[in-house]
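User: I have a model open and would like to talk it through with you. Could you take my questions as they come?
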Amino acid sequence: MAAVRQSVAYQNTSPKTAPLEQERPVENTKKRSAGKRALAIKYFMMAAVMFGVVMCIITSYMRVTELTSQASRLRTQLANLQSEENALSAKREKLFNLEYVESVAINQLGMVKQDKFNVTYVSISSPEKVTIASSEGQASQAVSGIVKSFNAVVEYLK
């Protein structure tokens, strides 16, 4: 048996197996640490992506809340403007109501409603030319001419 131990094959196999066994744990440790790093990087990337998604969701909820409050303010403003419009429409209808205008004209302005008895008819012997003899200025003559023309139109319409 001593001869078998001293053979070259035995010596070649013995020393090589021992150092390989010692080197393998070192290589496995490096491979394991590289695998752990890759795994840590994957987890870090997943956490970063999840953080980004959560931030996007939070930002969108903030924007929705902001738009909801703005819509509420605009609805309130719209309701106020609609009530103001209704009040102004009622006031406009009151002011343009003919009965209201007539009552203001009679009571506040002292106007009198024209009757058929208040109309004076003037007959002219020569209708081609009308001459008014007065010492008033030319401006007052123009105004009196306009008033007479207006009265003639009113009489014609009746």
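User: Where do R63 and E66 lie, and how many residues apart are they?
Analyst: In this predicted model, R63 and E66 both belong to helix α2, which covers residues 8-95, and they sit 3 residues apart, about one turn of the helix.

User: What do their side chains form?
Analyst: The side chains of R63 and E66 meet in a salt bridge, with 3.1 Å from N to O, and the structure holds 1 salt bridge.

User: Are those two buried, partly exposed or exposed?
Analyst: R63 is partly exposed, its relative accessible area being 45%, and E66 is likewise partly exposed, with a value of 44%.

User: Stepping back, how many helices and strands are there?
Analyst: The protein has 4 helices and 0 strands, and reading along the sequence gives the pattern α-α-α-α.

User: And how much of the protein is buried?
Analyst: Buried residues account for 2% of the 158 residues, while the protein exposes about 15100 Å², of which carbon and sulfur atoms supply 63%.

User: Where does V119 lie?
Analyst: V119 is in the loop between α3, residues 98-107, and α4, residues 138-157.

User: Why does V119 count as buried, then?
Analyst: V119 counts as buried because its relative accessibility is 17%, and buried means under 20%.

User: What separates V119 from N151?
Analyst: Along the chain V119 and N151 are 32 residues apart, and their C-alpha atoms are separated by 9.4 Å.

How values were computed: Residues are numbered from 1 along each chain as its sequence is written. This is a predicted model: local features need pLDDT of at least 70, side-chain atom pairs count only at pLDDT 80 or more; totals for chains, interfaces and linings use all residues. Side-chain values use heavy atoms; hydrogens and water are left out. Helices (H or I, at least four residues) and strands (E, at least two) are DSSP runs, numbered from the N terminus. Buried means under 20% relative accessible area, exposed over 50%, partly exposed in between (1.4 Å probe, protein chains only). Accessible areas come from the Shrake-Rupley method with a 1.4 Å probe; for residues, only the protein chains shown count as cover. A salt bridge is a side-chain nitrogen of Lys or Arg within 4 Å of a carboxyl oxygen of Asp or Glu.
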